[in-house]
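The stops below go from charged side-chain pairs to backbone torsions.

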Amino acid sequence: MTSGETETASSTAPASGSPASLGRRRFATLLALATAVVLAAGVITAVQLSPDPSADTGAAAAAADGAAAGGQPAESGGMSPSRRTPQPEPAPEDATSRPAQRVPQEQGARFEAWVDEVAGWLDIPRRAMHAYATATVRLEQEQPGCNLSWVTLAGIGRTTSDHGREGDRQLTRDGRPTSPIGTIELRNFAGDVISQAGAEGPLQLSPAAWQRWAATASGDAPNIQDIDDAALTAGRALCDGGRDLDQGQQWLAGVSALHDEPLFLHRVLATANVYGTVGMSDEPPNKKVLQAVTFAIEKIGLPYVWGGNGTEQGDAGFDCSGLTTAAYGKAGVSLERTAHWQYSSLPIIGPDEEPRLGDLVFFGDPNTKIHHVGMYIGNQQMIDAPTFGQAVQVHNYRKPGDSYAGAGRPVA
C-alpha cells in the first residue's frame, strides 16, 4: 500500500511503550487464536492465528514506522483478523483421494516414485523428502492415532534449515549435511534472537528435545545431524502424549514442543499449507508462483509499514500491496503498486470461485476503492501485511461480512 491507499481495520490498537518481545512470556497473549494445519489422510484443517487485541505485540514500533512513512489511521470495513476464534475449516471431501496427498505405506517403487514427484514439485531435496515420508509411515504404524502428516515435518524442515541446505550445504546420500549444522540464528521482527540455544542439525532440534525424544531410523546410535533420525525424532515429539494432530490445538501443542515461538509457528503453518495445496493438485505448481509464495513466507514477522517495500528497499517492513509487489517481483513478475491498481490490471476470478495458490485476494469496492490485498496460500488461508501494529502473518482470507471482491491471477 502506498500513500492514498487505505488499509484494513486493525484488531490491535497501537500500544504505548517499547516493542514487546515475542518470547515465551508473551506466548499466551500473542496467541489469542490457536493456529494449526493438519494434512493427514488428505484432510487439511486450519484455524487462524493473530495477536490478542489487548496484547503489546510490537504495535508501537509498527505504528511509528507507518507514521514516519506518511501513514494514516486504518479505515474500518476491510478484511482484518477476527477477534473471535473461528472453527476449523476442513478441505473439500474429494481431496482425500488425491494420490500426492498421502505417503504410500509400503516401501518400493511406488513409494520412491511418490518421493521423486513431490520433491521435484516443491524443490525439496529428494533425500529430505525421503526422510519426511519414511518418518510419516513409521509413525503411522507406531502411533496411528497421531495422524502425523509429511507436510508438517517438511514445513519444519524448510523453516529451520531449508531442508539441510543452510549456508550452501547439501544433504549427502547418507542423509547428513556436507558440514554439521549448528544453531541457526532466528530473530523476530523486534530484533530479538529467538533461536533455541544449542539447537543443531537440519531440523534445529534443541538439546532438551533431542534428550527426550532422540530416535534412530537405522538402528545405529541416533545422530542429530542425520535427517532420517531428526525427522523421526521430530515426529515423536509431535505425537508425544497421544496427540491427535488432526486437532488444531493439539497440532499447535506438538509444533510448540519443538519451538514455541509465534514466528516459527506462522512460518511452519504457511509452508505446510503450501505443501499441502500442491500435494492435492494433479499438476506441478507454477515455479514463479511458488517463488513468490516462498518470498512472502520468508517475510512473515516483519512489521506493517505504510508505504513499505521491505528491507531490500530500505524499509523495516511492508504494507499490503508492497508485500505482493515485492513477492512477485522476486519471481520476475511486475505488478502495479497499490491494491486498487493491482485489482484493475489483473484477470479477476469472481468471489464465488476458489482462488489458486499465489492468487492475490482483494477487499473493497471495485467501483470505488480496493483497499487491501493478500496472497492466497491454500486451505482458506492468506499471507498479508494486515495493518498498523501487526506483522506479516497467516490467517483466514474470508470472514462473515467482509468486503471480499475476488482474486487476481498474476501468473496464468
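Is R236 buried, partly exposed or exposed? The model is a predicted one, and in it R236 has a relative accessible area of 24%, so R236 is partly exposed.

**Stop 1**

E142 has a relative accessible area of 37% and is partly exposed.

Next select D228 and R127. Their closest N and O atoms are 2.3 Å apart, and the pair forms a salt bridge. D228 is in helix α7, residues 227-239, while R127 is in helix α4, residues 126-142; the two are 101 residues apart. The relative accessibility of D228 is 15%, below the 20% limit, so D228 counts as buried.

**Stop 2: two loops around α11**

Move to R337 and D319. This pair also forms a salt bridge, and its closest N and O atoms are 3.2 Å apart. R337 is in the loop between α11 (320-330) and α12 (339-345), and D319 is in the loop between α10 (287-298) and α11. The partners are 18 residues apart. Both R337 and D319 are buried.

**Stop 3**

Side chains of opposite charge can pair when their charged atoms come close. For the whole model, the count of salt bridges is 16.

**Stop 4: the loop between β5 and β6**

Most residues other than glycine have a negative phi. N379 is not a glycine, yet its phi is positive, at about 60°. N379 sits in the loop that joins β5 (369-378) to β6 (381-384). Its relative accessibility is 9%, so N379 counts as buried.

Step on to Q380, in the loop between β5 and β6. With a relative accessible area of 24%, Q380 is partly exposed. To end, show N379 and Q380 together: N379 is buried, whereas Q380 is partly exposed.

Notes
Residues are numbered from 1 along each chain as its sequence is written. This is a predicted model: local features need pLDDT of at least 70, side-chain atom pairs count only at pLDDT 80 or more; totals for chains, interfaces and linings use all residues. Side-chain values use heavy atoms; hydrogens and water are left out. Helices (H or I, at least four residues) and strands (E, at least two) are DSSP runs, numbered from the N terminus. Buried means under 20% relative accessible area, exposed over 50%, partly exposed in between (1.4 Å probe, protein chains only). A salt bridge is a side-chain nitrogen of Lys or Arg within 4 Å of a carboxyl oxygen of Asp or Glu.
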